Amino acid sequence: MIRFVEMEDYNAWLDIAREVEPVFGEMVTNTEFQNGIKKCISDSSAICIANDCNIEGIIAINKTENEISWLAVREESRGKGYGYQLLKKAINYLDDNKPIFVQTFSPQIKVGEMARRMYLKFGFRDFKDGGKNPAGINTVIMKLGK
């Protein structure tokens, strides 16, 4: 089931964030990240995919910047199309009359290959260098549309 993230999902979001910290950077103990989660929840700008007992993945969007601001799927649930479903749903909430942006791993980063392939399937293209993320990994800004 795909639905908006609710405050009851806060700890599940932190659990997923904990899994991806090695490649995203510190989040779980970061007050700014914690406040960002709460804001996304209150603004209805985060979507999750859930089964009966687990949140499998979460995507957050920034409507003002017209961007995907965060996407992660539990390690045990990767490769099942959950990220694709979340991205498809999230794009519907963004303005397709303007470019949509996402920061993801640079092409040479092996751990980011699945994410890059998914964004490329949607039509995102490398736009500009994104620098290093908080984990020190090279990123790129990708753009969809105009």
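Because R74 lies in the loop between β4 and α3 whereas E19 belongs to helix α1, the pair ties together parts that are 55 residues apart in sequence. Helices (H or I, at least four residues) and strands (E, at least two) are DSSP runs, numbered from the N terminus. With a relative accessible area of 8%, R74 counts as buried, while E19 is partly exposed at 32%; here buried means under 20% relative accessible area, exposed over 50%, and partly exposed in between, as computed with a 1.4 Å probe on protein chains only.

A search of the whole structure finds six salt bridges, and side chains of opposite charge can pair when their charged atoms come close. Among the six is the one in which the side chains of R18 and D15 meet at 3.0 Å, N to O. An α-helix has 3.6 residues a turn, so residues three or four places apart point the same way. Both partners are partly exposed, R18 with a relative accessible area of 44% and D15 with one of 35%. A further salt bridge joins the side chains of D43 and K39 at 2.6 Å, again N to O; of this pair, D43 is partly exposed at 39%, and K39 is exposed at 52%.

Helix α4, which spans residues 113-122, has R116, M118, Y119 and F122 as its buried residues. Because these residues cover an arc of only 160 degrees around the axis, they lie on the same side of α4, the arc being that of the directions from the helix axis to the C-beta atoms. The buried residues of α4 pack against β4 (67-73), α3 (82-91), β5 (100-105), β6 (125-132) and β7 (138-144), where contact means heavy atoms within 4.5 Å. The helix α4 is followed by G123, whose phi is positive, near 105 degrees.

Residues are numbered from 1 along each chain as its sequence is written, and side-chain values use heavy atoms, with hydrogens and water left out. As the model is predicted, local features need pLDDT of at least 70 and side-chain atom pairs count only at pLDDT 80 or more, whereas totals for chains, interfaces and linings use all residues.

Definitions and conventions. A salt bridge is a side-chain nitrogen of Lys or Arg within 4 Å of a carboxyl oxygen of Asp or Glu.
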